[in-house]
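Here is a short briefing to read with the sequence and the structure side by side. Have a look at the picture first, then follow the notes by topic.

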Amino acid sequence: GCREAKGSYIFFLDGDDTLPSNALELLYTKIMDSKVDIVRGSVVVVDFDGNRNLLKCDSLPYGSDRYGIYRALLEGCFRHNLCFTLFNRSLLTDYTYLFYPNMRNGEDAYLFYQLVENIKNGIEVIPEIVYFYQMNPNSSSHIELSDNSLDGLLVFHKYVTSIDFRDDYLEKLSYSKSTKIVNYHALRNGFDRVEKSIKKIGAPPFLSMKYRIKYIPFFDLIIYYVRLLFQRKN
């Protein structure tokens with residue numbers, strides 16, 4: 001789709017989501033004025049009852065160079081979503097990126113983390129609402145993941161922990177984030193299934209005791225084992 005597009009900028013819109021009438025104008029005006037590679041706006045989540053909740057605005061507290069973007073992504077200050085974001089088309093078409101066939105979970109993150117390597121002119125964030133995200137009970141974030149989705153998830157986490165961050169803190173942060181998320185999915189989707197995907201993809205042993213103790217913060221680890229114990233009792 002990006003290769004076939006004729007315009008200078010790319011915007012992603014999921015089929016069940018909507019936009020404010022001035023969303024693209026706001027993003028386009030900002031990217032033209034600032035000459036950056038990416039402009040991100042604010043997003044409102046519409047729940048199953050139609051209630052609207054404004055999500056906390058993304059931020060780049062450490063700057064918009066490679067280090068600053070990666071740190072914001074890994075610390076959760078900046079979302080890895082492709083939606084509610086306007087991209088310079090050349091960022092998506094002038095470079096070669098890795099893809100995993102039929103990826104259904106982690107696909108946004110897999111591409112966004114790769115894009116960071118090629119950002120030359122930074123990212124800007126605007127506070128205006130540019131996206132209405134519709135909660136969907138059948139989305140991959142609300143149902144048990146298929147084997148292919150688990151594989152895709154592990155493809156991303158294998159990739160993000162293999163990035164040469166050139167910084168010890170970011171490297172440890174990537175392992176911490178991935179270990180915590182993969183163990184969460186193991187609770188939800190079954191340890192045997194996730195372990196099978198880890199071996200298939202050749203990902204690090206995120207489910208091992210060694211990784212949990214080393215990379216999951218102590219308080220989060222306590223919560224994890226309480227949930228594991230409760231799950232086994234039920």
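## Around helix H2

The buried residues of H2 are covered by, among others, H4, strand S5 (123-134), H5 and H6. Helices (DSSP runs of H or I, at least four residues) and strands (runs of E, at least two) are numbered from the N terminus, and contact means heavy atoms within 4.5 Å. This is a predicted model, in which local features need pLDDT of at least 70 and side-chain atom pairs count only at pLDDT 80 or more, while totals for chains, interfaces and linings use all residues. Residues are numbered from 1 along each chain as its sequence is written, and side-chain values use heavy atoms, with hydrogens and water left out.

**Helix H2 and its ends**

- Eight of the ten residues of H2 are buried, so the helix is largely enclosed by the rest of the structure; buried means under 20% relative accessible area, exposed over 50%, and partly exposed in between (1.4 Å probe, protein chains only).
- The buried residues of H2 are Arg-66, Gly-68, Ile-69, Tyr-70, Arg-71, Ala-72, Leu-73 and Leu-74.
- Arg-66 belongs to helix H2, which spans residues 66-75, and is buried at a relative accessible area of 18%.
- From Arg-66, the side chain reaches the backbone oxygen of Phe-165 at 3.2 Å. This is a polar contact, that is, a pair of N or O atoms within 3.5 Å; within protein, one must be able to donate a hydrogen and the other to accept it, and residues adjacent in sequence count only if both atoms are side-chain atoms.
- Apart from neighbours within four places in sequence, Arg-66 is in contact with Val-116, Glu-117, Ile-163, Asp-164, Phe-165 and Arg-166.
- Just after H2, Gly-76 has a positive phi of about 85 degrees.

- As background, most residues other than glycine have a negative phi.
- Phe-84 is not a glycine, yet its phi is positive, near 50 degrees.
- Phe-84 sits in the loop between H2 and strand S4 (85-88) and is buried, with a relative accessible area of 5%.
- Arg-166, also not a glycine, has a positive phi of about 60 degrees.
- You will find Arg-166 in the loop between H5 and helix H6 (168-189), where it counts as exposed at 59% relative accessibility.

**Helix H4 against helix H5**

- Helix H4 (residues 107-116) packs with H5 at an angle of about 20 degrees, and their axes are 9 Å apart. Axes are lines fitted to C-alpha atoms, for helices over the stretch in contact, and angles run from 0 to 180 degrees between N-to-C directions.
- The angle makes H4 roughly parallel to H5; angles under 35 degrees count as roughly parallel, over 145 as roughly antiparallel, 65 to 115 as roughly perpendicular and the rest as oblique.
- On the H4 side, Ala-109, Tyr-110, Tyr-113 and Gln-114 make the contact, and on the H5 side Val-155, Phe-156, Tyr-159 and Val-160 do.
- By class, the contact of H4 with H5 has seven nonpolar residues, one polar and no charged ones. Here Ala, Val, Leu, Ile, Met, Phe, Trp, Tyr, Cys and Pro count as nonpolar, Asp, Glu, Lys and Arg as charged, and the others, Gly among them, as polar.

- His-157 lies in H5, residues 147-160, and counts as buried at 2% relative accessibility.
- Not counting residues up to four places away in sequence, His-157 touches Ser-178, Ile-181, Val-182 and Phe-206.
- Lys-158 is also found in H5, but is partly exposed, with a relative accessible area of 36%.
- With residues up to four places away in sequence left out, Lys-158 touches Ile-201, Gly-202, Ala-203 and Pro-204.
- Pro-205 and Lys-158 are 47 residues apart along the chain, and their C-alpha atoms are separated by 9.9 Å.
- Pro-205 is in the loop between H7 and helix H8 (209-215) and is partly exposed at 41%.

**Helix H6 against helix H7**

- H6 and helix H7 (residues 191-201) pack at an angle of about 135 degrees, with axes 7 Å apart, which makes H6 oblique to H7.
- Val-182, His-185, Ala-186, Leu-187 and Asn-189 of H6 meet Phe-191, Arg-193, Val-194 and Ile-198 of H7.
- The residues of this contact of H6 with H7 divide into six nonpolar, two polar and one charged.
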